[in-house]
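Thanks, everyone. I have one chain to walk through today, so let me put it on the screen.

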Amino acid sequence: MWVGFKTSRAVIASFSVNRDKKRTFMTPESSLKKAIRVYLNLRGIFYFHNFGALGAYKGIADITILHEGKSYWVECKSKTGIVSPYQKKFLENVERAGCIAVVAREPEDVMKLFDKKFPRLRIEI
């Protein structure tokens, strides 16, 4: 069963099959977030996904990673995605607080943080 969506030029058609075997639409940022989550799970690194719901801090990063006493805040953007002023301000505040802020445009941007000898591999989802 196909789920219909309005598409725009900024959205690339990538599909994923969920547990119900229905095809669902994924934006480039959604597939990037998924690839990062798969990598973090494989490495056993603790993380949580932040949802920008009603009452959430404006510009909060997409993924927060806690590893070896450090806090990483990851904002996921497609290759052409633009970081909003609220997101820039949030990431600046995170860095000012002594944490690490990253704008990830591909999974390797996060892999580089945790792999000393970074292997050139891609996680295909």
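Start at Val-94. Leaving out residues up to four places away in sequence, Val-94 touches Trp-73, Cys-99, Ile-100 and Ala-101. Contact here means heavy atoms within 4.5 Å. Val-94 sits in helix H2, residues 85-96. Helices are DSSP runs of H or I with at least four residues, strands are runs of E with at least two, and both are numbered from the N terminus. Is Val-94 buried or exposed? Buried, because its relative accessibility is 7%. The cut-offs: buried is under 20% relative accessible area, exposed is over 50%, and partly exposed is in between, with a 1.4 Å probe and protein chains only.

Now the ground rules. This is a predicted model, where local features need pLDDT of at least 70 and side-chain atom pairs count only at pLDDT 80 or more, while totals for chains, interfaces and linings use all residues. Numbering runs from 1 along each chain as its sequence is written, and side-chain values use heavy atoms, with hydrogens and water left out.

Confidence next. pLDDT is the predictor's confidence in each residue, from 0 to 100. The chain average is 79, and 73% of the residues score at least 70. Which elements mark the two ends of the range of mean pLDDT? Strand S4, residues 63-67, has the highest at 96, and strand S1, residues 14-17, the lowest at 44. Residues 1-17 stay under 50, and the model gives them 29 contacts beyond four places in sequence. Residues 121-125 are also below 50, with 12 contacts beyond near neighbours in sequence. Where pLDDT is low, the predicted coordinates should not be read in detail.

The overall layout. There are 3 helices and 6 strands. From the N terminus, the order is β-β-α-β-β-β-α-β-α. Of the 125 residues, 34% are buried. Take the contacts with a separation of 6 or more: 41% of them join residues 24 or more positions apart.

Salt bridges. The definition is a side-chain nitrogen of Lys or Arg within 4 Å of a carboxyl oxygen of Asp or Glu. How many does the structure hold? It holds 3.

Lys-33 pairs with Asp-62, closest N and O atoms 3.8 Å apart. Lys-33 is in helix H1, residues 28-43, and Asp-62 is in the loop between S3 and S4, so the bridge ties together parts 29 residues apart in sequence. Lys-33 counts as buried at 16% relative accessibility, and Asp-62 counts as buried at 11%.

Asp-115 pairs with Arg-43 at 2.3 Å between the closest N and O atoms. Asp-115 lies in the segment after helix H3 (108-114) and Arg-43 in helix H1, so parts 72 residues apart in sequence are tied together. Asp-115 is buried at 16%; Arg-43 is partly exposed at 38%.

Glu-106 pairs with Lys-79, closest N and O atoms 3.2 Å apart. Glu-106 is in the loop between strand S6 (100-104) and H3, and Lys-79 is in the loop between strand S5 (70-76) and H2, 27 residues apart. Glu-106 is partly exposed at 24%, while Lys-79 is exposed at 61%.

Last, the surface. The accessible surface of the chain is about 8700 Å², and 56% of that belongs to carbon and sulfur atoms. Phe-46 lies in strand S3, residues 46-49. That's the chain.

Methods
Areas by Shrake-Rupley, 256 points an atom, 1.4 Å probe, with all protein chains shown as cover.
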